[in-house]
Structures are given as structure tokens and as C-alpha cells.
Amino acid sequence: MEKEYLVKKWLNNDLTDAESKAFNALEDAELYQEIIEESQRFNGNINAEVASFKTLDEKLVSKENTSIHWLKLVSGLAAVLVIGFTLFKLTNKDQINSFTTTLAQNETITLPDNSIVNLNELSELEFDSSNWDDNRLLDLKGEAFFDVEKGKRFDVTTDFGKVSVLGTEFNVLSRDSIFKVSCYEGLVQVAYNDNEVKLPAGTELVLSSGKALKSNIVVAEPYWLKEMSVFENTPFATVIKELEKQYNIKVTYPSDLKMNFTGAFVHNNLENALISISKPLKLTYAIQSTNEVIIRNE
Amino acid sequence: MPKSLHQDICDKIRFSKLYEKYAQSLSNILFYKYGELLNPSDKVQEAFIKLWENCAKIKPEAAKSYLYTTANNMMLNAVKHQKVVLKYQQVKPKDYTNESPEFVLRKKEFLKRFERALSQLKEEERAAFLLSKVDGKTHKEIAEILGITKKVAEHRIYAALNKLKNELEELNRK
């Protein structure tokens, strides 16, 4: 105890003369001294010497320079953009607007007359906004939902036919070989091949391999607006194809599976979507990685 | 804490004063704690550069602790699995030329063991010990730098000394 007290005091350079003598009389005093002496060799001033401020200053200066550079670059770019945009505005009266959506991406587009278009994934929409009020004409590839404000004719042209309306809500799907128009409000006129069909609210028209089929709509709004996919007695492969598209994943499943699926899956939670597909069909699934899923027989 | 005259340290002269005042002692602390493998002096410079970039946001009285924290964190990020290596100077602080070969040999062995014992200390013990006995900092200063109490600082220095002693004692008995 006495010793600890002395050593601590000594460490703090706080010994009185008498205590100093007592400390020196300690058996380990010499070793303690030697330890302190030799520890000087580990001095950070020599072993971890910092460079002079000048060297740091150079780094700081170069930083400043680059930031000025940046400012110049950015302001230059901004100026070019502004001038470019103004010129574009002045010279280009025919304004073509086009929108493209990729996998699992929806886009809501407000047209010049406040009509609203919801563009589903993997779709393209193009229109000329310069003379919109007199000429409401859009080109569509893929699928979109339209909520049209009242006004002049509103035409949607697709690869399969033309859909015309006067203020209504309707959905157009034109992808691969499917052409489907669903009318939710008002009246829609569909022109395909040489035929013309009028679709009142609550009906839809499906055109597949040249045959047109008119039926009633079950859902009050297109399912994809609610971020889910709905199927009625659909082959399993088709369901999986849609799932792969929505989540951008690769799904492997037994090829001998010849079941039909009635139900729906959500677009915002893969886990839930997989459950809603596999459970009713008595299947199991495993998520291998972020973009790989395996579905098996139970 | 003393109130500062200025609002910030965005001024080359004030900033350089700050560098002269703290850079070396900060580098020493990092060296004592983490050894030399991770370039403590580089980390100090990086911390100062960071301080300069953020100079408008940092009050002068907070600059010191900002520097210490930043440099320490940079070190911790780099440190993870590195082993501490403290290197002793090759230059001898004392002239041993008059000593016997036995003495020189013992000294060599002593230093080798010292180096090893020092690396085996806990980093907080090593830092407190070297700050006190090499940099000549008072217990109060050490307590401030390491964010501990004076009592703890005293204890750590004492513990470090004892551990070093135990490691080296054996050699002395020979």
C-alpha cells in the first residue's frame, strides 16, 4: 500500500524530499527509472511527427482551387442549359412529349388539359402538346389508364386500333398480341381493323387473334393502379411471367405444372406476393437471392 | 471553456495557429494508442482538412474536441484488426559506448521486451502512460484529452507501469 502510494506520487512528480528517499530505497526504484527513461524512445514527436503547416496548407489551397473550378463548371453548364432551353422553346413550336416506363415503374402524367394518364410499366406514351386543345391525340405502346377531362375528341392510337372518347375514364392495354380496352366511366369508341365498337361504362373489349370479345368489368379500377395484379383462371406460366416482370426477378418452377390460378398478388412486397401465389396452389417457394426465386411442389 | 473572440476558424492565420498548437500532440496520442502502422500523422492532417472544410460550422472553442474526435474515429475506422506496433528510436538517447558488451546485450534485450510489453498494454493504459511520462502532460491534461477523470488517469498510468515492470523484472534479476 505504502509502495503504491509512493509510486503513484512519483509518477505524478509529486514526491517530497523524504518521500523521495523512501522511493529510492524501494527495490524496484531503479527499474522504474529505467522504464521511464527508455520509454522516451517511443516519443511521438519523432515517431509520428506531423508535417509543417505549409504542407497542409498546400492541400487546403488545392481544395479551394478545385471548388472554384466546380463553381465555374456548374455555372457554365447552367448558362448553356438556360440558353439552350430558351432557343428550343422559341424555335420548336411542335412539342413532342414522350414518356417511357421501365420494369416495375408507373408514371402519372398530367396532360395540358388536366386529363390524367397513368402509365403502367414497360410502356411508351407520346403526344404533341403544342396544339393540345384542338388535337388531343396520343400514341401508346403498352398499358395506360386515362382520366379524360371534357373537351374535344380524345384519341389514343395503338398498333392494333384507335380509341376515341369524349371525357371519360378508360384503360388501354396494347402489348405483345393483346389489345384490351376497359371503360370505367362515360363512353369509349374503339376502332380496330375495319370495325367500330362503342363501349359504355363498365364494359371492356378484348381483341385476341383477330376476335373481339366484349364483357363486363369486375374491378372498379384497373388492378395495376392499386399496385396489384389480378388473375382469373390464368395459366400458371402467365402468372409467373407477370411476377417476374413486376419484381424484375427470375423464377424457376416445375415445368410440368399445368395449373390455372385465380387470385392476385401485390407489387410492393415480394414475400407477400409469393405467398398469395404459392399458398392456394399448395406450392412452396424459396428466395435464393435478390433476383432469384424457386417455386416447388410441396 | 474560454469564450472565443471569433465566430469561426475560417481564417488561414488562426487555422495555422490551431495546427501548431494541437497537431503534434494529437499525432502523439494516436501513435500511443494505435501505433505507427496506420500513419497517425496522416490522420491528423485529414482531420485538419475536414475541420477546414467545415470551418464555418465549428466554433473555435469546439475545434479541439472536433479534431480529436475526428482523428480518433478515422483511426478506429482504419484500426479494426491491425496490431499495434510502436517502434523505438534507433538513435540511442544515452551514450553507451563505455559500457560492457554484457550491458549492451542486456539493453538490447530490454528494449525488445519493452517494445513487446508496450504493445501488449491496453491502449488506454498505454496512451495515459506515454502521454504522462513522454509528453510530460499532467494528470489533469490527460484526463481532459482522454475524457476520463484524474483518478482514472492516475490509475491507468500506474497500472501500465506495473505491467511493464512485471514484464521486465525477470530480465533484471538475471
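Residues are numbered from 1 along each chain as its sequence is written, and chains are lettered from A, with ligands numbered from 1, in the order in which they are written. Since the model is predicted, local features need pLDDT of at least 70 and side-chain atom pairs count only at pLDDT 80 or more, while totals for chains, interfaces and linings use all residues.

Chain A has 7 helices and 18 strands, where helices (H or I, at least four residues) and strands (E, at least two) are DSSP runs numbered from the N terminus. Chain B has 7 helices and 0 strands; from its N terminus on, the elements run α-α-α-α-α-α-α. Of the 298 residues of chain A, 23% count as buried, and of the 174 residues of chain B, 33% do. A residue is buried if 20 or more other C-beta atoms lie within 10 Å of its own, exposed if 12 or fewer, and partly exposed in between, with C-beta atoms placed from the backbone. In chain A, residues 24 or more positions apart account for 35% of the contacts with a separation of 6 or more. In chain B, 69% of the contacts between residues at least 6 apart in sequence join residues at least 24 apart.

The two chains touch each other. Chain A contributes 27 residues to the contact and chain B contributes 40 residues. On the side of chain A that touches chain B, the elements giving two or more residues are helix 1 (2-11), helix 3 (29-39), helix 4 (44-47) and helix 5 (53-91) of chain A. Helix 3 of chain A gives the most, with 6 residues. By class, this side of chain A has 14 nonpolar, 7 polar and 6 charged residues. Here Ala, Val, Leu, Ile, Met, Phe, Trp, Tyr, Cys and Pro count as nonpolar, Asp, Glu, Lys and Arg as charged, and the others, Gly among them, as polar.

The interior comes next. A nonpolar core is a set of buried Ala, Val, Leu, Ile, Met, Phe, Trp, Tyr and Cys residues joined through C-beta atoms within 7 Å. The largest such core has 46 residues, and those with the most contacts inside it are Leu26(B), Leu30(B), Phe48(B) and Leu67(B). Two or more residues of this core come from helix 1 of chain A and from each of several helices of chain B, including helix 1 (12-34) and helix 7 (150-173). Helix 1 of chain B supplies the largest share, 11 residues. Apart from this core lies another, of 28 residues, among them Phe127(A), Leu138(A), Phe146(A) and Phe160(A). Leu30(B), leaving aside its neighbours within four places in sequence, is in contact with Ala48(A), as well as with Pro40(B), Lys43(B), Val44(B), Ala71(B) and Met75(B).

Within chain A, strand 2 and strand 3 pair in the antiparallel sense over 4 bridges; two strands pair if DSSP finds at least two bridges between them. Ile109(A) has Val117(A) in strand 3 of chain A as its bridge partner. The hairpin of these strands has 5 residues between them, and there Asn114(A) takes a positive phi near 70°, although Asn114(A) is not a glycine. With 10 C-beta neighbours inside 10 Å, Asn114(A) counts as exposed. Gln105(A), in the loop between strand 1 (96-100) and strand 2 (107-110) of chain A, has 13 C-beta neighbours inside 10 Å and therefore counts as partly exposed.

Strand 15 and strand 18 of chain A run parallel and are joined by 3 bridges, and Val251(A) stands opposite Val293(A) in strand 18 of chain A.

In helix 7 (residues 270-278) of chain A, Ala273(A), Leu274(A) and Ile277(A) are buried. Seen down the helix axis, these buried residues fall within an arc of 95° (taken over the directions from the axis to the C-beta atoms), so they line one face of the helix.

How values were computed: Contact = placed C-beta atoms within 7 Å.
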